[in-house]
Amino acid sequence: MASSSLADCFNDPATWRVIPSGLAVGTLTSVKAPDGKIGLQLDYDFRGGAGFIVARKEIEFNLTEIFDLILSIRGEGPQNHFEFKLIDPSGSNAWRYLRECFQMPADWTQLKIHERDLPFAWGPAGGGAPSVVGAIELVIVAGPGGKGSVSFSNISLEDPTLHLTRSAAASSQIPNHPPNAVLELSPSGGWQAAPNDPAPWWSVDFGGILRFGGLVIDWPSSVASRAYDLEQSADGTAWTTLHRATHASGSRSHIPTPGAEARFLKFKFASNECAGIRSITMRPDAFSSTPDEFIHSVATDFPRSWFPRYWHREQSYWTPIGSPEGTRRGLLNEEGMVEVDEAGFSLEPFILTKSAMISWADAKITRHLPADGAPFPFITWETDHAALTIQPWVDGTGNSLALRVNYRIENRTPDALRLAVAVRPFQVNPPWQKFGKLGGISPIHSITCTADEMRVDQRYVSSNHPADAWGAAAFEENGVMGFIALGQMPPRDRITDPAGLASAVMAWSVPPSSDVFEVTLTVPFFDDAEKPSPNSLANAAAHWQATLALPDWRVPAIARDAIASFRSAASHILINRDGPAIQPGPRRYTRSWIRDSVIMGAAMAKAGQPHVLRDFLTWYTEFQRDDGFVPCVVDRTGVDWLVEHDSHGQFLWGICENLRNDGDIDFASSLWKSVRSAATYLNHLRAQRMTPSYREPARSACYGLLPESASHEGYLAHPVHSYWDDFWGVRGLEAAAELADALDHQEDAQLWRTNAQDFLQDVLKSIRHVIADRKLNYIPGSMEWADFDPTATANAIGQLDFADDLPAGPLYQMLDTYLTNFRRKHRDEIPWFKYTAYEIRIIGAFVRVGMRDEAHELLDFFLSDRRPIEWNQWPEISWRDPHAPGHLGDVPHTWIAAEYMLALTSMVASEREASGEMVLASGLPWAWIAEENGFAVTGLLTRYGPLDFAIHAPDSNQISIAISERISLPHGGLSVAPPMPTGVQILTANADDGKPLGISADGKSISIKSLPVTATLSLGLSTP
């Protein structure tokens, strides 16, 4: 049984659990400390690999805001990384103390961990400090790896603030307002300097060095503005300035002092008119451990309406605003806040009535998108006073690209209202999405306002309608919120804020009683942007309609949501691009991974845009190494050379897929050198696992595979022999052979085709070995971990078409186990915190193995769990609580969007890479062909040309089909496998010219031998 006392937590190794990764091992034993107390020893061995070893103990205790966690430690071994983690009782949030390349002390040494040494690491809490602990983890993470041991003893928890006695002093005071009243929360109203004090000051002695992260000051209400210096000292003699205010206003001030330590603090006021303090609250390090944590802390002290939703640690989703050419994009969040550019400031609307300020927190908010899925999201606010619509879009091309935001307000009162739009130093991207400058605060240091525009540092916000009022404010004035919450405008039209938290507002009068007022704000992305024309929005919409014209879908109402999501997904891929660089996110993931991009490029071909993949490959080829190595990711800082060995096969497959889709032999020829180099490098990698040592029993499961890599996110801490890499490698070599055939390089074609066949046999042999050795009932994700990873394996089944090669028993058992757990999880029968919508690709796997109903069950679920559903998008990570402030990856995650597009089109036209066959309708449900006029698509691009296909079941006894001649017959055959009611099969199949069509033995499909074809299938009960 686990010990309930922290002091005893090292006494019994049996109360701890060892969690190793991969092949690493760890054992726990007792050890005696010099003082005779029992300690815990962890012996570890990474067995020549990487990874981590965790020792975990579940133990619950509370933490104070400031604490010292003290323990003794000793050890021996290589300089690996050491982590001490606190886990909350839910098990999903972690705070981590990290020592990289830590040389364990040979002798017992005291380690003191302060609260500021344990920053938030991950979890749905989104940040903050720990308060209740549910578990402790001691972690060794491989640097050099190797063997070693580490011992722990004598753990204790102390609150240093309990030993401090505070006292205050001041330059003067008025009766009943002494200095100590500030510390005692006296009913007298705190301290006040005497009226004749020429240099007023107030100070506090904490009685010892105090660690703190900031102060919250409550001021006397009689003072409108304050100027003061806050100084700190360790000895009361030498003072340094900690903070300076020149125009502080409002009843409360928040001062960040990250990492501060002092015994004395002193406020020195500019005059006795402002020299008074009601109370001071010292805040712990978590108050301002980062600039974003500081704003979180501030938001808790003001009305909910004052700050965007995420500052209250509630998730707010967003969607991108852009053009088909990509390049630059804004963001719109669920509350109507618009971020003007990457890491840019935001525009936030408010409605001002005679007596109140209305914000996102006071309105009924609905989200909208055109019914056809075109990327024009907008927000409506409904209140008793007014209705407000917020509609952003991007128009222009090249250097004339500009973000427009239209605000349309309808006044429902007999009094005049004011529409106010504030510029605020906050991004739409929340702080738990932090990456470089992205996420949370977007510093604004200076603003200049006029009736027509605001200059925000070096950016401009212009209005097509002059404002009636405007102004700017610094953070120490509580920003513009300190004014507009009172129905006022800041008095200054020019502001400089050293804190980088300046804000500004423009306001327009709205006449009473149902009058509608509109104003459009413009933020140019470049210098050449033009003012919005009256047709700006309509022109942008027409541009998108032309871009998304193909394929043309004609489907019943039950399927329209799925098709609209396809169109939205395609538009999001285009918007997220940076020129030719395909990127899976609009903010956090503005990087170009070869795997994400090739899949997204393949999906865009289905949306009639094959040039997206071609343009990407032209650009990405520049980064291939001379030896053929294809980097996993490139961004604006250059190449990331992290080893992810799926990249080489994906690169080759992508070039071949482009040739299949657009037939541009000249383009393929231009990349021949890169193709040959990448194929040669793939064989070079395989050769490293084909030496005699890999024929020995202990290593034979690795024979012929690609070496370890981190191509799976879960493998970053411990690179492994990943079958994901191998499946891409096999198809990559086959793609190289296909390209060689097309370009008449027959010798290379024969070599690579043979290499691919041998490679596949080695992969299958390894999988069978691991299944037998580990007694698995599923297809493992890697050799080392033998991990259950159907989301990754689904790629090999659906997209890469290895279904017929994999061991059938484990394959179907894996899918069945996934489906069982999926159903139990979403019926809340088993606990879960999050999942990733990469699982969407499993739809394609179920289609491929003929499990139509299961595929559609998943499709229905993922469509129901779009976030938000109105915007047709998925984050990379979907938390069980949609409002939990957990890291989302990015939204929309367009690799997931591409997987959705490919899964959906596989339900219509399943292209079998292994056999060269194409099967139509194998994933369509009965309702999609039976309702209204059935299902039809025109211009769906396939490897065999554009598909025009219609299928309709006018009743339960027959199905009509039509396929045009615009596709060529696949060399592996063309068939139609329509949905049918339970217990029914195809009895006859006749073309309109009277010729019979071939029916499969099970009566479930027909074969097509010539095109075009129009046919009628008669249905009847299946024969026993």
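Helices H6 and H7 are roughly antiparallel to each other, because angles over 145 degrees are counted in that class, whereas those under 35 degrees count as roughly parallel, those from 65 to 115 as roughly perpendicular and the rest as oblique. In this predicted model, local features need pLDDT of at least 70 and side-chain atom pairs count only at pLDDT 80 or more, while totals for chains, interfaces and linings use all residues. Residues are numbered from 1 along each chain as its sequence is written, and side-chain values use heavy atoms, with hydrogens and water left out. Helices (H or I, at least four residues) and strands (E, at least two) are DSSP runs, numbered from the N terminus.

H6 covers residues 594-606 and H7 residues 611-620, and the two pack at an angle of about 150 degrees with their axes 8 Å apart; the axes are lines fitted to C-alpha atoms, for helices over the stretch in contact, and angles run from 0 to 180 degrees between N-to-C directions. Contact, which means heavy atoms within 4.5 Å, is made by Ile594, Ser597, Val598, Gly601, Ala602 and Met604 of H6 with Val612, Leu613, Phe616 and Tyr620 of H7. These residues divide into 8 nonpolar, 2 polar and no charged, where Ala, Val, Leu, Ile, Met, Phe, Trp, Tyr, Cys and Pro count as nonpolar, Asp, Glu, Lys and Arg as charged, and the others, Gly among them, as polar.

A second pair is formed by helix H13 (residues 790-799) and helix H14 (residues 808-826), whose axes come within 11 Å and cross at roughly 135 degrees. H13 and H14 are therefore oblique to each other, and their crossing is left-handed, a term used if the near helix is turned anticlockwise from the far one by less than a right angle, with right-handed used if clockwise. Pro790, Thr793 and Ile797 in H13 meet Leu811, Met814, Leu815 and Tyr818 in H14, a contact that by class has 6 nonpolar, 1 polar and no charged residues. In the loop between H13 and H14 lies aspartate 801, whose phi is near 65 degrees, a positive value in a residue other than glycine.

The axes of helix H10 (residues 672-687) and H12 come within 12 Å and cross at roughly 35 degrees, again with a left-handed crossing. On the H10 side the contact includes Trp672, Val675, Arg676 and Arg686, and on the H12 side it includes Asp748, Trp752, Asp758 and Asp762; the residues of this contact divide into 5 nonpolar, 2 polar and 5 charged. H12 is followed by lysine 775, whose phi is positive, near 55 degrees.

Turning to the strands, an open sheet is formed by 6 strands in the order S37-S45-S46-S47-S52-S49, with antiparallel pairing; two strands pair if DSSP finds at least two bridges between them. Its edge strands are S37 (552-554) and S49 (984-991), each of which pairs on one side only, and the twist averages 20 degrees from one strand to the next. Helix H17 (residues 894-908) packs on this sheet, touching S37, S45 (935-942) and S46, and its direction makes about 115 degrees with that of S45. Within the sheet, S46 (residues 945-955) and S47 (residues 958-963) pair over 5 bridges, and alanine 950 has alanine 962 in S47 as its bridge partner.

A further open sheet has 3 strands in the order S38-S39-S40, also with antiparallel pairing. Strands S38 (592-593) and S40 (638-640) stand at its edges, each with a single partner strand, so one side of each is left without a neighbour in the sheet. S38 is joined to S39 (residues 633-635) by 2 bridges, and tryptophan 593 stands opposite valine 633 in S39.

Elsewhere, 5 bridges join the antiparallel strands S25 (residues 364-368) and S26 (residues 378-382), and a hairpin joins S26 to S27 through 3 residues.
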